[in-house]
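Please find below a short note on the model under review.

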Amino acid sequence: MLVLGFAIAVPVFAASGYVPFGTDPVDNLRRMVLPAIVLGSGLAAVVMRQTRAAMLDSLSADYVRTARAKGLSKRSVIGGHALRNSLVTVVTVLGLQLGQLISGAVVTEQIFVLPGFGKLTIDAVFTRDYATLQAVVLCTSAAYILINLLVDVVYSVIDPRIRLGGAR
């Protein structure tokens, strides 16, 4: 629908193709806007909904009422207390969504004719290049494991209660 609306009906963006950033930065950005919107909009909706639900849950907690009663500003209460405690849930969803982003890139690269990891995967499947396919699976798995490790590390930064018992 985005291609139909913004590349064909009102030709603001290019429908497909790839131009390296070093060759023509403006044309590169024109060609990357639609794929970025396609990949990001679905993921952003899930993250926004989860953030809202976690914030509503945190804003009704006792520690937020206590912070308000102490006379803290609204910004301090929301940013320092409610948002910080809501971020654990949001970071979890973000970590899971990055896995979907990797798989969604395969389809998006095919639709917008972009060279990338997804196109490499599809080409390896069609040409039965098993070595490349194994390398793609290995790299994707390693990236997913690294993302989950980073999510766990961010947990300990966001919420001190999650830190290891020996770490101070």
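1. In which sense, left-handed or right-handed, does α5 pass α6? The model is a predicted one, and in it the crossing of α5 past α6 is left-handed. Two packed helices are described by the angle between their axes and the distance between the axes. For α5 and α6 the angle is about 145°, and the axes lie 9 Å apart.

2. The contact between these two helices involves residues from both sides. From α5 come Phe117, Leu120, Thr121, Ala124 and Val125, which meet Thr132, Leu133, Val136, Cys139 and Thr140 of α6.

3. Thr121 belongs to α5, the helix of residues 117-126. Its relative accessibility is 17%, so Thr121 counts as buried, the cut-off being under 20%. Once neighbours within four places in sequence are set aside, Thr121 is in contact with Leu133 and Val136.

4. Thr108 counts as buried because its relative accessibility is 6%. Not counting residues up to four places away in sequence, Thr108 touches Pro35, Val38 and Leu39.

5. The surface also deserves a remark. Leu146, Leu149, Leu150, Val153 and Val157 make a nonpolar surface patch of about 460 Å². One of these residues, Leu146, is placed in helix α6, residues 130-158. With a relative accessibility of 48%, Leu146 counts as partly exposed, since exposed requires over 50%.

Conventions
Residues are numbered from 1 along each chain as its sequence is written. This is a predicted model: local features need pLDDT of at least 70, side-chain atom pairs count only at pLDDT 80 or more; totals for chains, interfaces and linings use all residues. Side-chain values use heavy atoms; hydrogens and water are left out. Buried means under 20% relative accessible area, exposed over 50%, partly exposed in between (1.4 Å probe, protein chains only). Contact means heavy atoms within 4.5 Å. Patches are made of residues with over 30% relative accessible area and no salt bridge: like charges are joined within 9 Å, nonpolar side chains (Val, Leu, Ile, Met, Phe, Trp, Tyr) within 5 Å. Accessible areas come from the Shrake-Rupley method with a 1.4 Å probe; for residues, only the protein chains shown count as cover. A salt bridge is a side-chain nitrogen of Lys or Arg within 4 Å of a carboxyl oxygen of Asp or Glu. Helices (H or I, at least four residues) and strands (E, at least two) are DSSP runs, numbered from the N terminus. Axes are lines fitted to C-alpha atoms, for helices over the stretch in contact, and angles run from 0 to 180 degrees between N-to-C directions. A crossing is left-handed if the near helix is turned anticlockwise from the far one by less than a right angle, and right-handed if clockwise.
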